[in-house]
Each structure stands twice: as C-alpha cells, then as structure tokens.
Amino acid sequence: MRPTEDTYRHKGLRKKLVQAIHAKGITDDRVLDAMLAVPRHFFLDSAFDKKAYEDKAFPIGEGQTISQPYTVAYQSQLLQVEPLMKVLEIGTGSGYQAVVLAEMGIKVYSIERQKKLFESNRNFDFFNKYKSIKTFYGDGYMGLPTYAPFDRIIITAAAPEIPEKLIEQLKPGGMMVLPYGSGNLQQMKRITKLDSGATKEEVFDYFSFVPMLDGKKG
Ligand code: SAH
C-alpha cells in the first residue's frame, strides 16, 4: 500500500533531508525546492514510511530501487534544465526522479522496460496529477524517436556503453547525464552535443546504480 498523507512529521523529515543534501554540495535552489515539494514517501510502500527520508536507495519491487535522494539531486543539478525543456528519462522506476523534474517545470518523457513498474505508475494517483509527465513502456536504448529531439536526457540506470541512439535524439547544444560503467561503481558523465554534432564529455563522481538492460521485460 502507498501512503497518501503528507504529515508535519514527513515535511519536517523532508526539510532535514534537503538541508543534508545542500550540505553535501548541491547548490541549485531549483533542485532543492523541487525535492522539498515532493513527498518521497508516496513513492514507496508504507513499510518504508519511517525510512523514506533517509538519504538511501530503497527497493521498489522487481529487483529495482528508487535512487538515493542525493543522487537524484546530483543528476538533476548536472542536467542544467530550464523550465519547459523536453527531457527524456531512461528508467522511470518509482517515478520520483520524473516528478522532481516536473516540479522544476520540465516536460518529462520517461521510459521503463519493466511492465510491472510501468503499470504500477499508471495506477498511481499522485503521479498521474503531473500532466507534464508522459510514460512509456519500452527499451530505453531505443529512446523515443517520435518525440525527439530532446533538450536533455537523463539515464537513471548504469549504462555499460554510451547509447548512440540517444545521442542522435539530443538537440544540438543538448546534454545527457548518465552513470557510465558496468562494475559496482559507475562514474557520472555529462555529454554535450555540440552544434557541429561532435560530443564533449565531462566526468564527475562515482555512484552505484542498478544496470541498464537490453530489451523490454513483460
Ligand atoms: N528514476 C528511477 C530510478 C529507478 S532504478 C526513480 O526515480 O525511482 C532504474 C530503472 O531503470 C529500473 O526501474 C529499471 O527497470 C530501469 N531500466 C533499466 N534498463 C532500462 C532500459 N533499457 N530501458 C528503460 N528502463 C530501464
């Protein structure tokens, strides 16, 4: 069962979490304000009610996890979004990252390869209130050619290689943020597609994500 009540206790814990994320180096107020606005406990089973505001990843079923709040903040800050941008997310999972971006005024297109997780979000009333989020059941390696090009792409699973089809679906000047690598830890990368079509790569800290896998899972 999902909790649906956002109590003063939840709000207090959320404020402390956002302060802790700020102290860890996230300085973009738009990211911090969005995370303050989104009740993370709504995205977890009520069994996690007391833990939802710890800075940790938690299971969401199907062997997948909701990303750690610091990681969500880190990727959101690296994306350097502006309101009304079109952002493609690979790995909808719990839907939390998508809602944080929607709170920042972004139009989110999010793909999930696991049917059960995709369907669970279709029945998630709080999530469905965000009309600026469109979800898709499919393989993120393919992207969404029908809706391309995108201003930004965020991959929320560990990519063992740079998905070339996604680079093609970026606008010139667009950026993709992804955890890159196949080991236990992956390095966060930001790839900028230059006007010439060439790419520029920047590297950041190490994180641990579930793997980005090929194909759909029914
Ligand atoms: N953004 C999510 C993080 C979920 S974990 C959140 O905020 O909760 C990563 C998710 O990526 C998992 O749900 C996993 O099923 C999904 N995934 C892995 N490989 C994928 C692919 N090729 N296409 C789409 N989704 C993928």
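Helices (H or I, at least four residues) and strands (E, at least two) are DSSP runs, numbered from the N terminus. The views below show a predicted model, in which local features need pLDDT of at least 70 and side-chain atom pairs count only at pLDDT 80 or more, while totals for chains, interfaces and linings use all residues. Residues are numbered from 1 along each chain as its sequence is written, and side-chain values use heavy atoms, with hydrogens and water left out.

**View 1. The residue shell around the ligand.** The shell holds 27 residues, and Gly91, Ser94, Glu112, Gly140 and Leu213 come nearest to the ligand. At least two shell residues each are supplied by β2 (64-66), β3 (86-90), α4 (96-103) and β4 (107-112). The largest share, three residues, belongs to β2. Sorted by class, the shell comprises eleven nonpolar, twelve polar and four charged residues; Ala, Val, Leu, Ile, Met, Phe, Trp, Tyr, Cys and Pro count as nonpolar, Asp, Glu, Lys and Arg as charged, and the others, Gly among them, as polar.

View 2. Glu89 places a polar side-chain atom 2.9 Å from a nitrogen atom of the ligand. For Asp139, the distance from a polar side-chain atom to a ligand nitrogen atom is 3.1 Å. A polar side-chain atom of Thr156 likewise lies 3.1 Å from a nitrogen atom of the ligand. Of the 590 Å² of accessible area that the ligand has on its own, the protein covers 99% (Shrake-Rupley method with a 1.4 Å probe; for residues, only the protein chains shown count as cover).

**View 3. The largest pocket.** On a 1 Å grid over the protein atoms alone, a cavity is a set of points where a 1.4 Å probe fits but cannot get out, and a pocket is an open set with protein on both sides within 12 Å along at least five of seven lines; lining residues have an atom within 4 Å of a point. The largest pocket is the space taken by the ligand; a molecule sits in a pocket if more than half of its atoms lie within 2 Å of its grid points. This pocket contains about 530 Å³ of space, a volume being the space filled by probe spheres set on grid points joined across faces, edges and corners. Its lining numbers 35 residues, with Gln64, Thr65, Thr156, Ala157 and Val210 nearest the centre. Two or more lining residues come from each of β2, α3 (69-79), β3, α4 and β4.

**View 4. The second largest pocket.** About 210 Å³ of space lies here. Among the 15 lining residues, Arg2, Phe43, Ile60, Leu117 and Ser120 lie nearest the centre. Both β1 (58-61) and α5 (115-122) supply at least two residues of the lining, and α5 gives the largest share, four residues.

**View 5. Backbone features in two loops.** The peptide bond from Ala148 to Pro149 is cis, with omega near 0°, and Pro149 is found in the loop between β5 (133-137) and β6 (150-155). Glu62, in the loop between β1 and β2, has a positive phi near 60° in a residue other than glycine.

Note on methods
A residue is near a molecule or strand if one of its heavy atoms lies within 4 Å of it. A polar contact is a pair of N or O atoms within 3.5 Å; within protein, one must be able to donate a hydrogen and the other to accept it, and residues adjacent in sequence count only if both atoms are side-chain atoms.
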